[in-house]
Amino acid sequence: MNLVNKTEKTFALTTPLYYVNDVPHIGSAYTTIAADVIARFQRLLGNQVLLITGTDEHGQKIQRSAATLGKPPQDFCDGIVPSFLSLWDLLDIQYDRFSRTTAPRHQAIVNEFFQRVWENGDIYQGEQKGWYCVSCEEFKEERDLLEDKRCPIHTTKQVEWRDEQNYFFRLSKYQTQLEEFYQSHPDFIQPVSRRNEVFNFVAQGLQDFSISRVNLDWGFPVPVDSQHTLYVWFDALLGYVTALLEPDAEPTLANALQKWWPMNLHLIGKDILRFHAVYWPAMLMSASLPLPERVFGHGFLTKDGQKMGKTLGNTLDPIALVENYGSDAVRYYFLKEIEFGKDGDFNEIRFINVLNADLANDLGNLLNRTLNMVKKYCVSQVPSINPSAIPAENPLKAMGLELGDKVQQAYTGLAFNEACHYVLSLVQASNKFIDDQAPWSLYKQGKQEEVEVVLYAVLESVRLAAYLLSPIIPNISSDIYQQLGWGINFNEQKESANLAPFCTHSTWGILSDQQLLGTPKPVFKRIETSK
(Lines give C-alpha, C1' and ligand atoms only; values in the text may rest on other atoms or scores of the structure.)
Protein backbone atom coordinates (compact mmCIF):
# COMPACT_ATOMS: atom_id res chain seq x y z
CA MET A 1 0.00 0.00 0.00
CA ASN A 2 1.46 3.36 -0.97
CA LEU A 3 0.91 5.87 1.77
CA VAL A 4 1.03 9.58 1.25
CA ASN A 5 3.81 10.91 3.44
CA LYS A 6 2.42 12.78 6.40
CA THR A 7 2.88 16.50 6.18
CA GLU A 8 5.09 18.10 8.82
CA LYS A 9 2.28 20.18 10.24
CA THR A 10 0.08 17.31 11.45
CA PHE A 11 0.12 15.60 14.82
CA ALA A 12 -2.08 12.57 15.60
CA LEU A 13 -2.29 11.00 19.05
CA THR A 14 -4.46 8.50 20.88
CA THR A 15 -5.56 7.63 24.37
CA PRO A 16 -6.28 3.93 24.88
CA LEU A 17 -9.72 2.85 23.74
CA TYR A 18 -11.16 2.36 27.22
CA TYR A 19 -12.81 -0.91 28.12
CA VAL A 20 -16.51 -0.30 28.81
CA ASN A 21 -17.12 -2.93 31.47
CA ASP A 22 -17.70 -0.01 33.90
CA VAL A 23 -17.93 3.78 34.07
CA PRO A 24 -14.64 5.72 33.67
CA HIS A 25 -12.30 5.92 36.65
CA ILE A 26 -9.61 8.42 37.62
CA GLY A 27 -6.93 6.45 35.74
CA SER A 28 -8.70 6.88 32.39
CA ALA A 29 -9.31 10.55 33.21
CA TYR A 30 -5.57 10.97 33.93
CA THR A 31 -4.47 9.59 30.55
CA THR A 32 -7.08 11.63 28.70
CA ILE A 33 -6.16 14.89 30.47
CA ALA A 34 -2.52 14.33 29.48
CA ALA A 35 -3.52 13.62 25.87
CA ASP A 36 -5.64 16.78 25.78
CA VAL A 37 -2.74 18.87 27.09
CA ILE A 38 -0.44 17.50 24.36
CA ALA A 39 -3.10 18.17 21.70
CA ARG A 40 -3.63 21.76 22.92
CA PHE A 41 0.12 22.39 22.97
CA GLN A 42 0.50 21.04 19.42
CA ARG A 43 -2.33 23.32 18.28
CA LEU A 44 -0.52 26.31 19.81
CA LEU A 45 2.49 25.34 17.67
CA GLY A 46 0.24 25.71 14.63
CA ASN A 47 -0.07 22.00 13.85
CA GLN A 48 -3.22 20.33 12.60
CA VAL A 49 -4.05 17.93 15.42
CA LEU A 50 -6.14 14.78 15.62
CA LEU A 51 -6.83 13.53 19.16
CA ILE A 52 -8.49 10.12 19.21
CA THR A 53 -10.14 8.58 22.23
CA GLY A 54 -12.93 6.04 22.47
CA THR A 55 -14.11 2.71 23.78
CA ASP A 56 -13.19 -0.94 23.36
CA GLU A 57 -16.49 -2.82 23.49
CA HIS A 58 -15.99 -6.50 22.56
CA GLY A 59 -14.84 -9.55 24.48
CA GLN A 60 -15.87 -11.99 27.17
CA LYS A 61 -15.66 -9.51 30.03
CA ILE A 62 -18.31 -7.30 28.38
CA GLN A 63 -20.45 -10.30 27.49
CA ARG A 64 -20.42 -11.47 31.13
CA SER A 65 -21.02 -7.97 32.58
CA ALA A 66 -24.01 -7.55 30.27
CA ALA A 67 -25.37 -11.01 31.09
CA THR A 68 -25.18 -10.25 34.82
CA LEU A 69 -27.52 -7.30 34.22
CA GLY A 70 -29.73 -9.27 31.84
CA LYS A 71 -28.89 -6.95 28.94
CA PRO A 72 -27.72 -7.57 25.37
CA PRO A 73 -24.01 -6.59 25.12
CA GLN A 74 -24.69 -3.73 22.67
CA ASP A 75 -27.28 -2.19 25.02
CA PHE A 76 -24.83 -2.55 27.89
CA CYS A 77 -22.09 -0.71 25.90
CA ASP A 78 -24.54 1.97 24.74
CA GLY A 79 -25.38 2.60 28.40
CA ILE A 80 -21.75 3.03 29.51
CA VAL A 81 -20.35 5.15 26.61
CA PRO A 82 -22.25 8.37 27.59
CA SER A 83 -20.46 8.37 30.96
CA PHE A 84 -17.12 8.72 29.11
CA LEU A 85 -18.47 11.48 26.86
CA SER A 86 -19.86 13.48 29.79
CA LEU A 87 -16.66 13.15 31.85
CA TRP A 88 -14.50 14.30 28.91
CA ASP A 89 -16.84 17.26 28.57
CA LEU A 90 -16.54 18.08 32.30
CA LEU A 91 -12.74 17.92 32.05
CA ASP A 92 -12.65 20.22 28.98
CA ILE A 93 -11.15 17.45 26.84
CA GLN A 94 -11.12 18.61 23.21
CA TYR A 95 -11.00 15.29 21.38
CA ASP A 96 -11.50 15.11 17.61
CA ARG A 97 -12.71 11.54 17.14
CA PHE A 98 -14.43 9.11 19.50
CA SER A 99 -13.81 5.58 18.24
CA ARG A 100 -16.17 2.74 19.18
CA THR A 101 -15.11 -0.78 18.25
CA THR A 102 -18.76 -1.81 17.75
CA ALA A 103 -19.10 0.69 14.87
CA PRO A 104 -20.01 -1.06 11.56
CA ARG A 105 -17.22 0.84 9.75
CA HIS A 106 -14.72 -0.67 12.17
CA GLN A 107 -15.50 -4.25 11.07
CA ALA A 108 -14.61 -3.41 7.46
CA ILE A 109 -11.17 -2.11 8.56
CA VAL A 110 -10.55 -5.13 10.81
CA ASN A 111 -11.46 -7.57 8.01
CA GLU A 112 -9.20 -5.86 5.48
CA PHE A 113 -6.30 -5.78 7.93
CA PHE A 114 -6.85 -9.46 8.86
CA GLN A 115 -6.80 -10.34 5.15
CA ARG A 116 -3.40 -8.65 4.64
CA VAL A 117 -1.89 -10.53 7.59
CA TRP A 118 -3.54 -13.80 6.46
CA GLU A 119 -2.17 -13.43 2.93
CA ASN A 120 1.27 -12.83 4.40
CA GLY A 121 1.07 -16.32 5.96
CA ASP A 122 1.15 -14.99 9.53
CA ILE A 123 -2.10 -16.56 10.80
CA TYR A 124 -2.52 -20.29 11.44
CA GLN A 125 -4.75 -22.60 13.49
CA GLY A 126 -3.32 -24.25 16.61
CA GLU A 127 -4.07 -25.34 20.14
CA GLN A 128 -4.11 -22.90 23.04
CA LYS A 129 -3.69 -24.20 26.58
CA GLY A 130 -3.13 -22.05 29.60
CA TRP A 131 -4.39 -19.83 32.38
CA TYR A 132 -6.63 -17.01 31.16
CA CYS A 133 -7.61 -13.80 32.98
CA VAL A 134 -11.00 -12.62 31.70
CA SER A 135 -10.45 -9.14 33.22
CA CYS A 136 -7.20 -8.70 31.26
CA GLU A 137 -8.54 -10.68 28.28
CA GLU A 138 -5.09 -12.29 28.24
CA PHE A 139 -3.35 -15.62 28.85
CA LYS A 140 -0.95 -15.53 31.81
CA GLU A 141 2.35 -17.30 32.41
CA GLU A 142 2.00 -19.65 35.40
CA ARG A 143 5.16 -18.14 36.97
CA ASP A 144 3.47 -14.70 37.07
CA LEU A 145 0.35 -15.83 38.95
CA LEU A 146 -0.26 -15.04 42.62
CA GLU A 147 -1.28 -17.76 45.09
CA ASP A 148 -4.66 -19.42 44.45
CA LYS A 149 -4.06 -18.81 40.74
CA ARG A 150 -4.95 -15.13 40.99
CA CYS A 151 -4.07 -12.59 38.30
CA PRO A 152 -1.09 -10.31 39.17
CA ILE A 153 -3.06 -7.26 37.92
CA HIS A 154 -6.62 -8.14 38.96
CA THR A 155 -5.48 -9.54 42.29
CA THR A 156 -8.96 -10.56 43.50
CA LYS A 157 -9.76 -12.52 40.32
CA GLN A 158 -8.75 -16.13 39.73
CA VAL A 159 -7.60 -17.08 36.25
CA GLU A 160 -9.42 -19.80 34.28
CA TRP A 161 -7.89 -22.84 32.55
CA ARG A 162 -8.44 -22.84 28.78
CA ASP A 163 -7.79 -25.64 26.30
CA GLU A 164 -9.12 -24.78 22.85
CA GLN A 165 -8.38 -24.56 19.12
CA ASN A 166 -7.60 -20.95 18.15
CA TYR A 167 -6.10 -18.98 15.31
CA PHE A 168 -2.63 -17.66 16.11
CA PHE A 169 -0.55 -14.72 14.93
CA ARG A 170 3.13 -15.56 14.19
CA LEU A 171 4.62 -13.09 16.66
CA SER A 172 7.79 -15.21 16.97
CA LYS A 173 8.55 -14.51 13.29
CA TYR A 174 9.01 -10.81 14.10
CA GLN A 175 11.42 -11.19 17.04
CA THR A 176 14.54 -10.04 15.17
CA GLN A 177 12.71 -7.37 13.18
CA LEU A 178 11.25 -5.90 16.39
CA GLU A 179 14.64 -5.91 18.16
CA GLU A 180 16.25 -4.17 15.18
CA PHE A 181 13.43 -1.62 15.12
CA TYR A 182 13.83 -0.85 18.85
CA GLN A 183 17.58 -0.38 18.37
CA SER A 184 17.18 1.95 15.39
CA HIS A 185 14.29 3.88 17.02
CA PRO A 186 15.38 4.33 20.65
CA ASP A 187 12.56 6.81 21.35
CA PHE A 188 9.80 4.47 20.17
CA ILE A 189 9.03 3.27 23.72
CA GLN A 190 9.07 5.81 26.53
CA PRO A 191 9.97 6.45 29.29
CA VAL A 192 13.26 4.53 29.50
CA SER A 193 11.98 2.28 32.30
CA ARG A 194 9.20 1.01 30.00
CA ARG A 195 11.63 0.53 27.11
CA ASN A 196 13.84 -1.65 29.32
CA GLU A 197 10.80 -3.66 30.40
CA VAL A 198 9.88 -4.37 26.76
CA PHE A 199 13.50 -5.22 25.82
CA ASN A 200 13.64 -7.77 28.66
CA PHE A 201 10.32 -9.31 27.66
CA VAL A 202 11.29 -9.63 23.99
CA ALA A 203 14.75 -10.96 24.83
CA GLN A 204 13.15 -13.96 26.61
CA GLY A 205 11.80 -15.08 23.23
CA LEU A 206 8.44 -14.18 21.68
CA GLN A 207 5.61 -16.73 21.58
CA ASP A 208 2.90 -16.68 18.92
CA PHE A 209 -0.34 -15.38 20.40
CA SER A 210 -3.92 -16.45 19.93
CA ILE A 211 -6.10 -14.00 17.96
CA SER A 212 -9.41 -15.83 18.15
CA ARG A 213 -11.76 -17.32 20.71
CA VAL A 214 -14.37 -20.06 20.48
CA ASN A 215 -17.63 -20.17 22.47
CA LEU A 216 -17.80 -16.38 22.41
CA ASP A 217 -20.46 -14.53 20.47
CA TRP A 218 -19.63 -10.94 21.35
CA GLY A 219 -17.15 -9.74 18.75
CA PHE A 220 -16.41 -9.89 15.02
CA PRO A 221 -16.31 -13.36 13.41
CA VAL A 222 -12.93 -14.42 12.04
CA PRO A 223 -13.20 -13.62 8.29
CA VAL A 224 -11.97 -17.08 7.23
CA ASP A 225 -13.89 -19.09 9.85
CA SER A 226 -17.17 -17.86 11.32
CA GLN A 227 -17.00 -20.48 14.11
CA HIS A 228 -14.34 -18.28 15.72
CA THR A 229 -14.58 -14.75 17.11
CA LEU A 230 -11.67 -12.34 16.77
CA TYR A 231 -9.76 -11.76 19.99
CA VAL A 232 -10.67 -8.43 21.52
CA TRP A 233 -7.10 -7.04 21.36
CA PHE A 234 -6.69 -7.79 17.64
CA ASP A 235 -9.85 -5.82 16.96
CA ALA A 236 -9.30 -3.04 19.55
CA LEU A 237 -5.88 -1.88 18.35
CA LEU A 238 -7.35 -1.32 14.90
CA GLY A 239 -9.87 1.08 16.46
CA TYR A 240 -7.11 3.70 16.20
CA VAL A 241 -7.02 3.19 12.44
CA THR A 242 -10.80 3.27 11.99
CA ALA A 243 -10.88 6.61 13.83
CA LEU A 244 -8.68 8.14 11.11
CA LEU A 245 -11.43 7.80 8.50
CA GLU A 246 -13.16 10.97 7.44
CA PRO A 247 -16.87 10.69 8.35
CA ASP A 248 -18.06 10.25 4.76
CA ALA A 249 -15.12 8.14 3.50
CA GLU A 250 -15.56 4.51 2.48
CA PRO A 251 -14.05 2.33 5.25
CA THR A 252 -10.87 1.07 3.60
CA LEU A 253 -7.31 0.98 4.96
CA ALA A 254 -6.13 3.25 2.14
CA ASN A 255 -8.69 5.92 3.10
CA ALA A 256 -7.98 5.60 6.83
CA LEU A 257 -4.21 5.87 6.50
CA GLN A 258 -4.11 8.64 3.91
CA LYS A 259 -3.55 11.76 6.02
CA TRP A 260 -2.69 11.03 9.65
CA TRP A 261 -0.77 7.77 9.63
CA PRO A 262 1.68 6.90 11.10
CA MET A 263 0.50 8.05 14.53
CA ASN A 264 2.80 10.44 16.35
CA LEU A 265 1.91 9.12 19.80
CA HIS A 266 0.01 6.34 21.56
CA LEU A 267 -0.52 7.38 25.19
CA ILE A 268 -1.29 4.40 27.44
CA GLY A 269 -1.15 3.08 30.99
CA LYS A 270 1.80 0.78 31.65
CA ASP A 271 -0.51 -2.25 32.12
CA ILE A 272 -1.20 -2.40 28.36
CA LEU A 273 2.39 -1.70 27.27
CA ARG A 274 3.03 -5.15 25.79
CA PHE A 275 0.03 -4.94 23.45
CA HIS A 276 1.12 -1.54 22.10
CA ALA A 277 4.90 -1.94 22.07
CA VAL A 278 5.21 -5.60 20.96
CA TYR A 279 2.00 -7.07 19.48
CA TRP A 280 0.84 -3.95 17.61
CA PRO A 281 4.16 -3.17 15.87
CA ALA A 282 4.49 -6.82 14.80
CA MET A 283 0.93 -6.82 13.41
CA LEU A 284 1.71 -3.63 11.47
CA MET A 285 4.96 -5.13 10.15
CA SER A 286 2.99 -8.16 8.95
CA ALA A 287 0.52 -5.87 7.15
CA SER A 288 3.45 -3.87 5.64
CA LEU A 289 2.37 -0.64 7.33
CA PRO A 290 4.59 2.04 8.94
CA LEU A 291 4.89 1.96 12.73
CA PRO A 292 3.83 4.75 15.10
CA GLU A 293 6.49 7.22 16.22
CA ARG A 294 6.12 6.83 19.97
CA VAL A 295 4.38 4.73 22.63
CA PHE A 296 4.42 6.32 26.08
CA GLY A 297 3.37 4.21 29.08
CA HIS A 298 2.54 6.28 32.15
CA GLY A 299 2.37 5.05 35.74
CA PHE A 300 -0.47 4.05 38.04
CA LEU A 301 -2.32 6.27 40.51
CA THR A 302 -2.75 5.47 44.18
CA LYS A 303 -4.85 7.20 46.82
CA ASP A 304 -3.32 8.09 50.18
CA GLY A 305 -0.48 5.70 49.38
CA GLN A 306 -2.78 2.71 48.67
CA LYS A 307 -3.79 0.98 45.47
CA MET A 308 -7.35 2.02 44.58
CA GLY A 309 -10.08 -0.57 44.29
CA LYS A 310 -13.70 -1.29 44.98
CA THR A 311 -12.79 -4.01 47.47
CA LEU A 312 -10.82 -1.44 49.53
CA GLY A 313 -13.62 1.10 49.07
CA ASN A 314 -11.08 3.83 48.27
CA THR A 315 -11.83 4.64 44.63
CA LEU A 316 -11.66 8.26 43.53
CA ASP A 317 -14.67 9.49 41.57
CA PRO A 318 -13.39 11.83 38.82
CA ILE A 319 -16.86 13.36 38.31
CA ALA A 320 -17.20 14.31 41.99
CA LEU A 321 -13.64 15.68 41.99
CA VAL A 322 -14.35 17.99 39.03
CA GLU A 323 -17.72 19.05 40.39
CA ASN A 324 -16.14 19.97 43.75
CA TYR A 325 -12.99 21.70 42.55
CA GLY A 326 -13.32 22.50 38.83
CA SER A 327 -11.58 20.96 35.82
CA ASP A 328 -8.50 23.24 35.88
CA ALA A 329 -7.77 22.22 39.48
CA VAL A 330 -7.92 18.52 38.66
CA ARG A 331 -5.89 18.90 35.47
CA TYR A 332 -3.23 20.99 37.22
CA TYR A 333 -2.75 18.75 40.26
CA PHE A 334 -2.31 15.48 38.36
CA LEU A 335 0.12 16.93 35.81
CA LYS A 336 2.14 19.13 38.17
CA GLU A 337 2.43 16.84 41.17
CA ILE A 338 3.15 13.56 39.36
CA GLU A 339 6.16 13.02 37.13
CA PHE A 340 4.54 11.67 33.98
CA GLY A 341 5.68 8.09 33.46
CA LYS A 342 6.04 7.32 37.18
CA ASP A 343 3.41 6.16 39.65
CA GLY A 344 1.71 8.97 41.56
CA ASP A 345 -0.49 9.48 44.57
CA PHE A 346 -3.64 11.48 45.25
CA ASN A 347 -4.15 12.92 48.70
CA GLU A 348 -6.96 15.43 49.17
CA ILE A 349 -5.16 17.60 51.74
CA ARG A 350 -2.08 17.88 49.53
CA PHE A 351 -4.34 18.48 46.52
CA ILE A 352 -6.00 21.47 48.25
CA ASN A 353 -2.68 22.83 49.55
CA VAL A 354 -1.07 22.71 46.09
CA LEU A 355 -4.02 24.46 44.43
CA ASN A 356 -4.21 27.17 47.09
CA ALA A 357 -0.47 27.79 47.00
CA ASP A 358 0.05 27.76 43.22
CA LEU A 359 -3.21 28.89 41.62
CA ALA A 360 -4.92 31.02 44.29
CA ASN A 361 -1.94 32.61 46.09
CA ASP A 362 0.97 32.69 43.65
CA LEU A 363 -0.73 33.17 40.26
CA GLY A 364 -4.20 34.53 41.03
CA ASN A 365 -3.16 36.91 43.78
CA LEU A 366 -0.23 38.20 41.70
CA LEU A 367 -2.54 39.21 38.83
CA ASN A 368 -5.10 40.73 41.17
CA ARG A 369 -2.70 42.85 43.21
CA THR A 370 -0.81 44.03 40.10
CA LEU A 371 -3.96 45.05 38.22
CA ASN A 372 -5.13 46.95 41.30
CA MET A 373 -1.79 48.81 41.43
CA VAL A 374 -2.08 49.58 37.70
CA LYS A 375 -5.52 51.01 38.44
CA LYS A 376 -4.13 53.12 41.27
CA TYR A 377 -0.81 54.28 39.78
CA CYS A 378 -1.40 54.14 36.00
CA VAL A 379 -5.12 55.01 35.63
CA SER A 380 -5.95 51.36 34.70
CA GLN A 381 -3.79 51.44 31.58
CA VAL A 382 -0.93 49.17 30.57
CA PRO A 383 2.21 51.28 31.11
CA SER A 384 3.64 52.67 27.84
CA ILE A 385 6.91 50.82 28.18
CA ASN A 386 9.06 49.59 25.33
CA PRO A 387 10.08 46.11 26.54
CA SER A 388 13.36 46.32 24.63
CA ALA A 389 14.29 49.32 26.81
CA ILE A 390 14.01 47.20 29.98
CA PRO A 391 17.57 46.12 30.82
CA ALA A 392 18.50 42.48 30.18
CA GLU A 393 19.44 42.03 33.84
CA ASN A 394 15.85 42.69 34.94
CA PRO A 395 15.19 39.33 36.67
CA LEU A 396 11.73 38.84 35.15
CA LYS A 397 12.85 39.71 31.63
CA ALA A 398 15.90 37.44 31.98
CA MET A 399 13.72 34.50 33.06
CA GLY A 400 10.91 35.32 30.63
CA LEU A 401 13.14 35.39 27.55
CA GLU A 402 14.28 31.79 28.16
CA LEU A 403 11.01 30.40 29.45
CA GLY A 404 9.21 29.67 26.16
CA ASP A 405 12.00 27.38 24.89
CA LYS A 406 12.28 25.54 28.21
CA VAL A 407 8.54 24.95 28.44
CA GLN A 408 8.35 23.85 24.80
CA GLN A 409 11.02 21.22 25.46
CA ALA A 410 9.18 20.06 28.57
CA TYR A 411 5.83 19.69 26.78
CA THR A 412 7.48 17.95 23.83
CA GLY A 413 9.11 15.46 26.21
CA LEU A 414 5.79 15.02 28.10
CA ALA A 415 7.48 16.38 31.24
CA PHE A 416 4.36 18.29 32.33
CA ASN A 417 5.57 18.69 35.91
CA GLU A 418 8.74 20.40 34.62
CA ALA A 419 6.68 22.78 32.47
CA CYS A 420 4.63 23.72 35.55
CA HIS A 421 7.73 24.22 37.72
CA TYR A 422 9.42 26.43 35.12
CA VAL A 423 6.33 28.64 34.81
CA LEU A 424 5.74 28.76 38.54
CA SER A 425 9.31 29.89 39.13
CA LEU A 426 8.57 32.99 37.01
CA VAL A 427 5.35 33.60 38.94
CA GLN A 428 7.15 33.30 42.29
CA ALA A 429 9.97 35.53 41.05
CA SER A 430 7.32 38.11 40.05
CA ASN A 431 5.83 38.12 43.56
CA LYS A 432 9.30 38.58 45.02
CA PHE A 433 10.09 41.32 42.49
CA ILE A 434 7.03 43.34 43.56
CA ASP A 435 7.96 42.97 47.23
CA ASP A 436 11.59 43.94 46.58
CA GLN A 437 10.80 46.89 44.28
CA ALA A 438 7.85 48.15 46.38
CA PRO A 439 6.11 50.16 43.61
CA TRP A 440 3.89 51.84 46.24
CA SER A 441 7.02 53.33 47.77
CA LEU A 442 8.46 54.36 44.37
CA TYR A 443 5.13 56.05 43.59
CA LYS A 444 5.27 58.09 46.79
CA GLN A 445 8.80 59.19 45.81
CA GLY A 446 7.45 60.39 42.44
CA LYS A 447 9.41 57.76 40.47
CA GLN A 448 6.58 57.14 38.01
CA GLU A 449 8.72 55.60 35.26
CA GLU A 450 10.23 53.08 37.66
CA VAL A 451 6.75 52.20 38.91
CA GLU A 452 5.64 51.59 35.32
CA VAL A 453 8.63 49.38 34.52
CA VAL A 454 7.94 47.22 37.59
CA LEU A 455 4.22 46.88 36.83
CA TYR A 456 4.79 46.21 33.13
CA ALA A 457 7.38 43.51 33.86
CA VAL A 458 5.04 41.76 36.28
CA LEU A 459 1.93 41.98 34.08
CA GLU A 460 3.85 40.64 31.11
CA SER A 461 5.22 37.79 33.22
CA VAL A 462 1.70 36.87 34.36
CA ARG A 463 0.56 36.90 30.73
CA LEU A 464 3.42 34.66 29.68
CA ALA A 465 2.75 32.28 32.58
CA ALA A 466 -0.95 32.09 31.65
CA TYR A 467 -0.13 31.39 28.02
CA LEU A 468 2.39 28.66 28.75
CA LEU A 469 0.02 26.99 31.22
CA SER A 470 -3.01 27.29 28.91
CA PRO A 471 -2.81 23.65 27.71
CA ILE A 472 -3.15 22.57 31.36
CA ILE A 473 -5.44 25.25 32.88
CA PRO A 474 -7.34 26.67 29.87
CA ASN A 475 -10.09 28.35 31.91
CA ILE A 476 -7.77 30.21 34.29
CA SER A 477 -5.49 31.19 31.39
CA SER A 478 -8.48 32.53 29.42
CA ASP A 479 -9.57 34.57 32.46
CA ILE A 480 -6.09 36.06 32.82
CA TYR A 481 -5.83 36.88 29.10
CA GLN A 482 -9.25 38.53 29.15
CA GLN A 483 -8.35 40.64 32.20
CA LEU A 484 -5.23 41.73 30.30
CA GLY A 485 -7.37 42.88 27.39
CA TRP A 486 -7.11 39.97 24.95
CA GLY A 487 -10.34 38.52 23.63
CA ILE A 488 -8.86 35.04 23.65
CA ASN A 489 -10.57 31.95 25.02
CA PHE A 490 -8.20 28.98 25.04
CA ASN A 491 -11.19 26.62 25.02
CA GLU A 492 -12.07 27.94 21.56
CA GLN A 493 -8.58 27.27 20.31
CA LYS A 494 -9.65 24.43 17.99
CA GLU A 495 -11.91 26.77 16.04
CA SER A 496 -9.33 29.56 15.93
CA ALA A 497 -5.99 27.79 16.01
CA ASN A 498 -3.91 30.83 15.09
CA LEU A 499 -5.48 33.17 17.64
CA ALA A 500 -2.40 33.09 19.85
CA PRO A 501 0.48 31.45 17.95
CA PHE A 502 3.30 30.02 20.05
CA CYS A 503 6.03 31.80 18.09
CA THR A 504 4.61 35.17 19.25
CA HIS A 505 2.88 34.57 22.56
CA SER A 506 5.60 32.39 24.11
CA THR A 507 8.08 35.27 24.00
CA TRP A 508 8.43 37.83 26.78
CA GLY A 509 7.52 41.43 25.92
CA ILE A 510 4.38 41.43 23.75
CA LEU A 511 2.02 43.24 26.15
CA SER A 512 1.35 46.76 24.85
CA ASP A 513 -0.46 49.91 25.95
CA GLN A 514 -3.02 49.16 23.20
CA GLN A 515 -4.51 46.50 25.50
CA LEU A 516 -7.64 47.66 27.31
CA LEU A 517 -7.41 46.05 30.74
CA GLY A 518 -10.45 44.26 32.17
CA THR A 519 -11.82 44.45 35.70
CA PRO A 520 -9.57 42.69 38.25
CA LYS A 521 -11.29 39.64 39.72
CA PRO A 522 -9.97 36.41 41.27
CA VAL A 523 -9.11 33.76 38.68
CA PHE A 524 -9.02 30.92 41.22
CA LYS A 525 -10.83 31.11 44.51
CA ARG A 526 -8.96 29.80 47.50
CA ILE A 527 -10.38 26.45 48.67
CA GLU A 528 -11.51 26.71 52.27
CA THR A 529 -11.45 23.47 54.21
CA SER A 530 -13.69 22.88 57.18
CA LYS A 531 -11.73 21.79 60.21
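Cysteine 133 counts as buried, because its relative accessibility is 2%, where buried means under 20% relative accessible area, exposed over 50% and partly exposed in between, with a 1.4 Å probe and protein chains only. The model is a predicted one, in which local features need pLDDT of at least 70 and side-chain atom pairs count only at pLDDT 80 or more, while totals for chains, interfaces and linings use all residues. Residues are numbered from 1 along each chain as its sequence is written, and side-chain values use heavy atoms, with hydrogens and water left out.

Cysteine 133 belongs to the UniProt annotation "binding site", from an unreviewed entry, which covers Cys133, Cys136, Cys151 and His154; UniProt positions follow the numbering used here, feature names are shortened, and annotations may be inferred rather than shown by experiment. These residues span 22 residues in sequence, yet no two of their C-alpha atoms are more than 8.6 Å apart, so they gather at one spot.

The contacts leave aside neighbours within four places in sequence.

| Residue | Place | Relative accessibility | Contacts |

A pocket is an open set of points on a 1 Å grid over the protein atoms alone, with protein on both sides within 12 Å along at least five of seven lines, and its lining residues have an atom within 4 Å of a point. The second largest pocket is lined by 34 residues, and Glu138, Glu141, Phe201, Arg274 and Tyr279 lie nearest its centre. Helix 10 provides the largest share of this lining, five residues.

Elsewhere, an open sheet of three strands has the order 15-14-16 with mixed pairing, where two strands pair if DSSP finds at least two bridges between them. Strand 15 (306–307) and strand 16 (344–346) stand at the edges with a single partner strand each, so one side of each is left without a neighbour in the sheet. Strand 14 (residues 301–303) pairs with strand 15 in the antiparallel sense over two bridges.

Conventions:
Contact = heavy atoms within 4.5 Å. Helix = DSSP H or I, 4+ residues; strand = E, 2+ residues; numbered from the N terminus. 1 Å grid on protein atoms, 1.4 Å probe; cavity = no way out; pocket = protein on both sides within 12 Å on 5 of 7 lines; lining within 4 Å.
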